[in-house]
Each structure stands twice: as structure tokens, then as C-alpha cells.
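Please read the questions below alongside the sequence and the coordinates, and try each one before turning to its answer.

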Amino acid sequence: MGGIGASPCDLDGKFAPQIAQLLATPSLQSAQEYYDELVRSKKHDGVRVSYSGKHGKGVCANRDFAEDDVILKDQMLVGAQHSLNKIDCVVCSYCFRFIGSIEFQIGRRLYLHSIGASTGSTSERHCHGSDVGSSTSCSGSTNGNCNAVPQEVIMSLMDGDTSLPFTDQFCLPSIVACPGGCEGELYCSQSCADSDWDSYHSLLCTGSKTEPSRRSALQKFVEHANGTNDIFLVAAKAITFTLLRYKKLKRQPASHESSFSLLMEAWKPLSMGFKKRWWECVALPEDIDSSEEDSFRQQMRDLAFASLQLLKDAIFDPECAPLFSLDVYGHIIGMFELNNLDLVVASPVEDYFIHIDDLPESEKEEAEKVTGPFLDALGEDYSVPCEGTAFFPLQSCMNHSCCPNAKAFKRDEQDKDGHAVILALKPISKGEEITVSYIDEDLSYEERQAQLADYGFTCACSKCQEERPI
């Protein structure tokens, strides 16, 4: 990008050799060993990651799959719920299951909307990519009439003093508080709370147990992300994930490696993701003229730098200084831009109201006397799913095809957490590559190629070869 000047971050120059090593493409042997161990440890016996000169890494079937078979349930490496989506959904901050109760979910949403709440200090939507042309959608609005239900009734729903009919058939895990005392993160179990604390949250908690100056710095970082682009929150989790892995490796008694060698090892899971600098790879918004592209990308870099400075004020560790360079931060954000599979978990509130609607007429009529006012207050968007962005280590290895043999799809009854579920669209034979579509494959050839250009390649799948103009 010739129009963007030198980096404003002094760490980029000071640690240039180390940054180059962090951002280098892993060796074929190192990558193969990592993915083989990942597949083995997660017991994903049906797939393997392999490499070819044509497409680089890809995912192949290790056995035959029939149409609609589950190929893979991929646990995210790093992910986060969109900030505004937290108004509409209360989910476990680690596994993203809905928690509390149907009554609590409905009551809390009506309460927050009735007071015009926003997780940031703005009512606008500043979710991942919303300001930079991404198609990611966010919630945070309702077309119902929240004020139609009295506040005392809403509060009694939230407090558990009012029960709705048939909710005993839709039990949700009880809410477990954050170990550090913050109100922003809740969990479905102590196991999830401890796992999140050990993997990410202990460095990002704004609770009472965090030292006051660091808590203040973290709050400023979060406010900036909520007011600009919440992809910075996911990037921060990626950095804390690496920092905490580094600290754990350093504590091992047999470790005599240098600090940077330990950092490289801690960084390894994230090193596998395809990366580009965020401000270079993000799609140019339709309302930005091409003559203004350099200015737009400069603004994106400045935005990332402002976010990084706030994060450094909160959690900077001099032993891991290269991790806090703008170059590394920009590549982490770019990795989510290029590799993310949207985090989506369906709401049990939808299942609940569908159940009421399917009751025998006499029972339905009686139940709707109670549930009807709440459904009317929620409006047409009565059931908002949990939405966020995440990096899935195996899903991100799957190559694109405009005629894919698999897709990411959540099955209503079985898939209640934040795992990526990959289903077979057609029979897949052992040894065959598993492909998904990165875009809407029903678009025209020209539209598909234009969208795929953002990923840095020209598609030559069988569908594109058939439709390519002569």
C-alpha cells in the first residue's frame, strides 16, 4: 500500500527480526505436526489436514461420509460474542451456551431495551466489520413494544419470581459468576469459568479483584472497541491467550529455552492462521470511492494503533514485547477478517415460543394468555441468536469451492454451543477434499470472483470453469 506511511509503533522497528519470525509461514513439518496432534487430541478421526502444491493446506476425509453426516465439530481457538448482541442474549462467555432460564432471557432483554441500554456509550452498531464493509450482522434492536409489559412484571421474570408455562421443558444451565468479580462475563459452569480465566480472561477482567489502574486501562480499551469495532476485543483475547500460554510454558521446571523461543511456542496455534494486515485486506466499503482508498486504509491502521495503545496500557508484558507491535496486532485482526466463521448459537426462546404455538388448541389458548404479551413486546425479532466472531483452527483450513461438498450448519436440537459444525452436503469418499463456500455460491460468476478477490485468489472450481466467459 504505497499511500500508507511508516508505522507509528516504535516496537515495529525495535523488534523487526522477532516480528518477522512470528509472522512467518510455519514450516510444512511444523504445521503438519501441529494439525496431526490437534486432530488426535480432539478425536477428529474423520478428517486430516494435508498439503498440496496447488492449494496449500486443506482438509481431507479420513473415512466415507454420507449426505447430512456430521464431518466435524470444531472448537474455537478464540472467539467473542458481539458487544451489542449481549443486550439480546445471555450466554456462557466460554462455550456460548444460553444460560439462566427462558424467563431470565426474555425479562432481561425487555428490561434492557425498555431503558434504551447499549453495551457501549452509543446506540449505533459498531460490530465486527460493520464500518468496513463486512456482511456480519449484529443485534441490538427490537421492533416490539418493550414498554407494553409493566416494569415490575419484567423484573419478576428476571428475578425468577414469575414462571411462564412449559418452560420446565427448556431448562438452561444456572449462571456462574466471573471468578474475578466482573459483571461482563457469565458462565454455564464453574468448569467454563475456570477455563476462560486460565485461557483468556484473567488478563482482561475488569472486576474488583483487578488492580485499579489496570482495571481503568482495560475499561478504556473496552469502551474504545465497543465504540469503534468489536473485532479488537477478539484480537485482545488472542493476545492474552498467547501471553497466558507463554507464562505457563515458562513455569515448567524443565524449560531452559529463551524467552523468545517460549513465545514462539505459545504463539504456535495462532501462527497457523492465514494472515494479512487488517487495513490492507479489509474490503473497501461501497460508499468509499477508489480515489479515497489510501486514506481509508490509513484510517483503519490509525484505528488499530489507537486500540493497541489502550491494550498496551492495560496488559503490556516486556518479555513478550513483539506481541504488542502494530504489525502483529494488525495481522491478528486480519486473521479474523479472513478466516472467521461467524459464531452463531440459536436461541432457546425461539424453540419455546414454537412449542407454545404447536400445543393443542385448548392448551395453546390458555398458555398464550400468559405468553402473548411478552411475545408482542419482543416483536418480530422475538428470538435473536447469539452472534459473534471466532477463529476455528480446522474449519479455517478448509478450502473454498463454489460447488462445495460441505457446509457450516447448526442443527437445532443437537448444537447448543459455539462449536463450528460442518455437515456433508453430498456423499464424500475417503481421501476426498472437504470444501466449503466462503461466499454465496448462487451469485453470478463475475460477482463470485469479485468477492473471492478479497481472499486473494481466483476460483477455478468446476462451476467456475463451466461458467467462465470464453
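Q: At 28% relative accessibility, does Arg277 count as buried or partly exposed, or what else?
A: This is a predicted model, and the class follows from two cut-offs, since buried means under 20% relative accessible area and exposed over 50%. At 28% relative accessibility, Arg277 falls between them and therefore counts as partly exposed.

Q: Which residue meets the side chain of Arg277 in a salt bridge at 2.6 Å, N to O?
A: The structure holds 14 salt bridges, and in one of them the side chain of Arg277 meets a partner at 2.6 Å, N to O. Arg277 lies in the loop between α10 (259–271) and α11 (278–281) and the partner in helix α13 (residues 326–339), so the pair ties together parts that are 50 residues apart in sequence. With a relative accessible area of 15%, the partner is buried; this partner is Asp327.

Q: What relative accessibility does Arg448 have?
A: Arg448 forms a salt bridge with Glu467, the closest N and O atoms being 3.0 Å apart. Glu467 lies in helix α17 (residues 462–467) and Arg448 in helix α16 (residues 445–452), so the pair ties together parts that are 19 residues apart in sequence. Glu467 counts as partly exposed at 36% relative accessibility, whereas Arg448 counts as buried, at 0%.

Q: In which helix do Lys369 and Glu366 both lie?
A: The side chains of Lys369 and Glu366 meet in a salt bridge at 3.5 Å, N to O, and Lys369 is exposed, with a relative accessible area of 56%. An α-helix has 3.6 residues a turn, so residues three or four places apart point the same way. Lys369 and Glu366 are three residues apart, about one turn of their helix, which is α15 (residues 361–378).

Q: How many of the 21 residues of α9 are buried?
A: Helix α9 (residues 231–251) reaches 31 Å from its first C-alpha to its last, close to the 30 Å expected at 1.5 Å a residue. The helix is largely enclosed by the rest of the structure, because the number of its 21 residues that are buried is 16.

Q: Do the rings of Phe232 and Tyr329 count as stacked or edge-to-face?
A: Phe232 in helix α9 and Trp278 in helix α11 are 46 residues apart, and their aromatic pair is edge-to-face, with 5.6 Å centre to centre and 80° between the planes. Phe232 is buried, and so is Tyr329; Phe232 lies in helix α9 and Tyr329 in helix α13, so this pair ties together parts that are 97 residues apart in sequence. Their ring centres are 6.3 Å apart and their planes stand at 20°, so the pair is stacked.

Q: In β11, which residue is the bridge partner of Lys407?
A: An open sheet of three strands has the order β3-β11-β10, with antiparallel pairing, and its edge strands are β3 (70–74) and β10 (406–408). Three bridges join β10 to β11 (residues 420–424). The charged end of Lys407 sits over the ring of Phe409, 4.4 Å from its centre, while the bridge partner of Lys407 in β11 is Leu423.

Conventions
Residues numbered from 1 in each chain as written. Predicted model: local features only at pLDDT ≥ 70, side-chain atom pairs only at ≥ 80, totals over all residues. Heavy atoms only, no water. Helix = DSSP H or I, 4+ residues; strand = E, 2+ residues; numbered from the N terminus. Expected span 1.5 Å × (residues − 1). Buried < 20%, exposed > 50% of the residue type's maximum accessible area, 1.4 Å probe, protein only. Pairing = 2+ DSSP bridges. Salt bridge = Lys/Arg side-chain N within 4 Å of Asp/Glu carboxyl O. Phe/Tyr/Trp six-rings, centres within 6.5 Å; stacked < 30°, edge-to-face > 60°. Lys NZ or Arg CZ within 6 Å of the ring centre and 35° of its normal.
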